[in-house]
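Hi,

Here is the structure I said I would pass on to you.

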Amino acid sequence: MENKNQQFNNALFFAPMVLLMFFGFAVCLMMAWPADVQAADPNKTISIDFDSEEDYVESDGVKGKFSKSTLTDAQKDAVIAEVQKEYDDAVGPGKIKVKKGKDGDVKLTVNGGYAPGVNKGKELGDAGQAGQSGIAHESEFKDHGVTGDDLVKALGTALGHEAGHKLGKSHNDGNPNNKMTKGKSEPTGKGLTLDDLKAGNLMFSDTDKAQLLKNLGLTNAEHKMTILPTDLGVIVGKRIKSEEYCPIIDDYLDSYAVLTGPTGIEFGYMSFTNEFVYEGGDMLTFIYSAGEDIAVRLGEDVYSLSNGAGTYTLSNPNPDNLSVFQTADFYFDTSGGIAHLTLNAAVDPTTGGFYVVPEPASALLIGAGLLFARLRRKLS
C-alpha cells in the first residue's frame, strides 16, 4: 500500500514538472520559428501579370489581346514596389500584399502593347471587367515619351489607381491631387497629368484610406455588371471634352453625392458578390454601363434597392443624351428614419447618365408583350 501511495505522490510531483518542460519547449519553438511563417496572411493580395498574351475585354466592352511587357526584371520589381508602397501607406504594412503573377484577389496586367481598337492612342489605363484584370498599356506611355524610371513610376501609379477601383474606390477632384484623382480632361481643368504620374508618390487621401480599411474584408468590392429590375440603370457614355490631356482614361461616369438622414448613416452600393461597399465620400464613380444596386447602411443593417428598402426618382435630362438623366434621388426607409441620397452626374460633360430599370411587374409585362408579338409574327 505504501508503494502505491509513494508512486501516486511521485506522479503528483513530476506531472507539473513535465507540463512546465513541455510549455517551455513550445515557447522556445515559437520563438525559433521563422517570422514569415508566424505572420498572418495579408487580408488581400494584388497580383501584377507582366507576361500575359491572353484575350481580354475592357470596361467599355472593347476587346483586345495582351502582349508581354518589355520591362526588365528590375523594372518589374520596381513597379511592384511602387504599388506596394502606396497600399502600405494607405492601410498599413502587411494588409495588402503586392506580388508578381495572376492569382491575386485583385488582378492587374501590364500590357506591353497599345489600348485596343478605338481606344488606341486615347487610353493609358482601364479598370477592366468586373472580376477581371485592371490594365496599364505600356506602349501608350512610351508614345507619350515616358521611359526609364519615369515609366516605372507612371505604370505603378496607374496600376495602383485601377486597383483602387477594384477595391471599391471612386474618383475625387484632387485638392491636392492624389491616388484616386481622375485624369485631366482639358488644358484648364483639374486632374492628374503625365507629370504627376511620372513623379510617382501619389498616395491615397485620408478619406480614401478610411474607405479602403472598411472594404478590405469584401470578397469583391467592384460594381455589378448585371441589371436587375430593382437596380438603378447606368450608362457611362463618352466624355464630350477632348481626351488628349487625360493620362488615366477609365471609361467612367462621376457623380457628386449628398446624403442626409439619421446619425451614423452611410451610403454605398452592393457589389456583384452582394456585399455592401462603403463609399462615404462626396463622389461615386461608375465604371460600367450596367445596373447599380445603391444602398445605405445604419449600424449592422443594410437597406438596398434589391431588398425593397429603397426607391428612386430621376430628373435633369442630359442635354447630350436625352434618353438618360443626370440626377437620381434615393429614399431609404431605415430604422432611424428616412435617408435621402442624391447623385448628380453633371460633373463633366458626358453622354452618360441614369435611367429607370423596369419593376418586376413591368418587366413581366414587357416580356409577355414581346412573346405575344413573336407568336403573332409566326402565325401570320
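Which residue lies over the face of Tyr278? Lys214 does, at 4.3 Å from the ring centre. In these notes a charge sits over a ring if NZ of Lys or CZ of Arg is within 6 Å of the ring centre and within 35 degrees of the ring normal. Lys120 has its charged end over a ring too, that of Tyr114, 4.8 Å from the centre.

Before you go on, some ground rules. This is a predicted model, where local features need pLDDT of at least 70 and side-chain atom pairs count only at pLDDT 80 or more, while totals for chains, interfaces and linings use all residues. Residues are numbered from 1 along each chain as its sequence is written, and side-chain values use heavy atoms, with hydrogens and water left out.

Now for rings that meet rings. Rings of Phe, Tyr and Trp (its six-membered ring) pair if their centres lie within 6.5 Å; planes under 30 degrees apart are stacked, over 60 edge-to-face, and the rest tilted. That rule gives 5 aromatic pairs. One of them is Tyr56 with Phe66, which is stacked, at 4.0 Å centre to centre and 10° between the planes. Tyr56 lies in strand 2 (residues 55–57) and Phe66 in the loop between strand 3 (63–65) and helix 3 (73–91), so the pair ties together parts 10 residues apart in sequence. (Helices are DSSP runs of H or I with at least four residues, strands are runs of E with at least two, and both are numbered from the N terminus.) Tyr56 and Phe66 are both buried, meaning under 20% relative accessible area; exposed is over 50%, and partly exposed is in between (1.4 Å probe, protein chains only).

Tyr312 and Phe330 have ring centres 5.6 Å apart and planes at 45°, so this pair is tilted. Tyr312 counts as buried at 16% relative accessibility, and Phe330 does at 0%. Together with Phe332, Tyr312 and Phe330 form one aromatic cluster.

Last stop: Ser170, in the loop between helix 5 (148–166) and helix 6 (194–199). Ser170 is buried, with a relative accessible area of 2%. Its side chain makes a polar contact of 2.9 Å with the side chain of Glu279 (N or O atoms within 3.5 Å, one able to donate a hydrogen and the other to accept it within protein; residues adjacent in sequence count only if both atoms are side-chain atoms). The Ser170 side chain also reaches the backbone nitrogen of Thr285 at 2.9 Å.

Cheers
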